[in-house]
Amino acid sequence: MAKNDVKLLGAWPSPYALRARIALNIKSVKYEFLEETFAPKSELLLKSNPVYKKIPVLIHGDKPICESLVIVQYIDEAWTSGPSILPSDPCDRAIHRFWAVYLDETWFPTMRGLLAVQGEERKPLMDQLSEGIVLLEEAFGKCSKGKAFFGGDGIGYLDIAFGCFLGWLRVAEKITGLKLLDEAKTPRLVKWAESFCADAAVKGIMPETDKLLEFAKVLAAKMRGAPPKN
């Protein structure tokens with residue numbers, strides 16, 4: 001399929017848009033990435049996602065697909081010639097989806113909450129994130145079955161769902177001065193994160209930590225209603 005038949009509406013700092021980009025790369029799908037600026041939101045975005053009016057949106061031909069995890073599943077089903085993203089076993093698929101929901105509804109919102117607070121107010125949030133990382137370390141041991149990724153030998157659904165947040169995880173570590181991925185507590189996730197970021201489907205599109213940190217400072221200032229600190 002031609003590149004102009006597949007478009008992705010997104011933004012470089014968005015972990016959710018990153019999910020779709022990784023999935024497309026795994027399937028070797030050529031696509032056009034359309035950067036959204038949000039000031040104002042583009043007519044194409046408003047037309048393509050009239051319900052939530054947010055990124056990412058995958059446009060395949062003239063059909064818009066919304067919500068990052070839905071997009072990843074769609075890509076897996078629409079392009080069957082590449083490596084499978086979701087596990088073939090129904091139970092494994094359910095487990096991967098469970099942890100993806102946990103990441104989106106519990107873990108990452110807690111990380112995002114770090115931007116809205118300062119000082120001692122961050123401690124309970126960091127404690128929650130650390131507890132979550134330990135749970136994910138245990139989940140990795142069960143899902144990976146001794147292999148390099150949650151999905152086995154190659155990047156799969158849960159790898160994408162979690163791995164898209166690694167840039168923001170590094171930002172959280174820089175902001176707080178605390179390590180979330182630690183060799184002593186989460187040795188398997190440390191190795192997994194290195195393998196994930198080095199994979200051809202991810203390398204080159206994972207946001208640079210320093211650039212993401214500067215963006216986070218601006219975002220944090222807006223959330224707290226204060227000018228960003230240099």
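Analyst: Side chains of opposite charge can pair when their charged atoms come close. In this predicted model, Glu67 and Lys54 form a salt bridge through their side chains, with an N to O distance of 3.9 Å. This pair links distant parts of the chain, 13 residues apart: Glu67 lies in the loop between strand 4 (63-66) and helix 3 (68-78), and Lys54 in the loop between helix 2 and strand 3. Glu67 is partly exposed at 30% relative accessibility, and Lys54 is partly exposed at 39%.

User: How many salt bridges does the structure hold, and what separates Asp127 and Lys123 along helix 5?

Analyst: The structure holds nine salt bridges. One of them joins Asp127 to Lys123, whose closest N and O atoms are 3.1 Å apart. Because these two residues are four positions apart in helix 5, about one helical turn separates them. Asp127 is partly exposed, with a relative accessible area of 34%. A further salt bridge brings together the side chains of Asp153 and Lys147, at 3.5 Å from N to O. Here Asp153 is exposed, at 62% relative accessible area, whereas Lys147 is partly exposed, at 42%.

User: Is Ser144 buried or exposed, and why?

Analyst: The cut-off for buried is under 20% relative accessible area. Ser144 has a relative accessibility of 4% and therefore counts as buried. This residue belongs to helix 5 (residues 123-144). Leaving aside residues up to four places away in sequence, Ser144 touches Phe149, Phe150 and Gly152.

User: Turning to the backbone, which residues other than glycine have a positive phi?

Analyst: Among them is Lys145, with a positive phi of about 55 degrees. Lys145 lies in the loop between helix 5 and helix 6 (157-163) and is exposed, with a relative accessible area of 58%. Ser28 also has a positive phi, near 55 degrees. Ser28 is in the loop between helix 1 (15-26) and strand 2 (32-35), and its 66% relative accessibility makes it exposed.

User: What does UniProt list for residues 89-219?

Analyst: The unreviewed UniProt entry lists "domain: GST C-terminal" for these residues. Over residues 89-219 the chain is 66% helix and 0% strand, with the end C-alpha atoms 40 Å apart.

Definitions and conventions:
Residues numbered from 1 in each chain as written. Predicted model: local features only at pLDDT ≥ 70, side-chain atom pairs only at ≥ 80, totals over all residues. Heavy atoms only, no water. UniProt positions renumbered as here; feature names shortened; annotations may be inferred. Buried < 20%, exposed > 50% of the residue type's maximum accessible area, 1.4 Å probe, protein only. Contact = heavy atoms within 4.5 Å. Salt bridge = Lys/Arg side-chain N within 4 Å of Asp/Glu carboxyl O.
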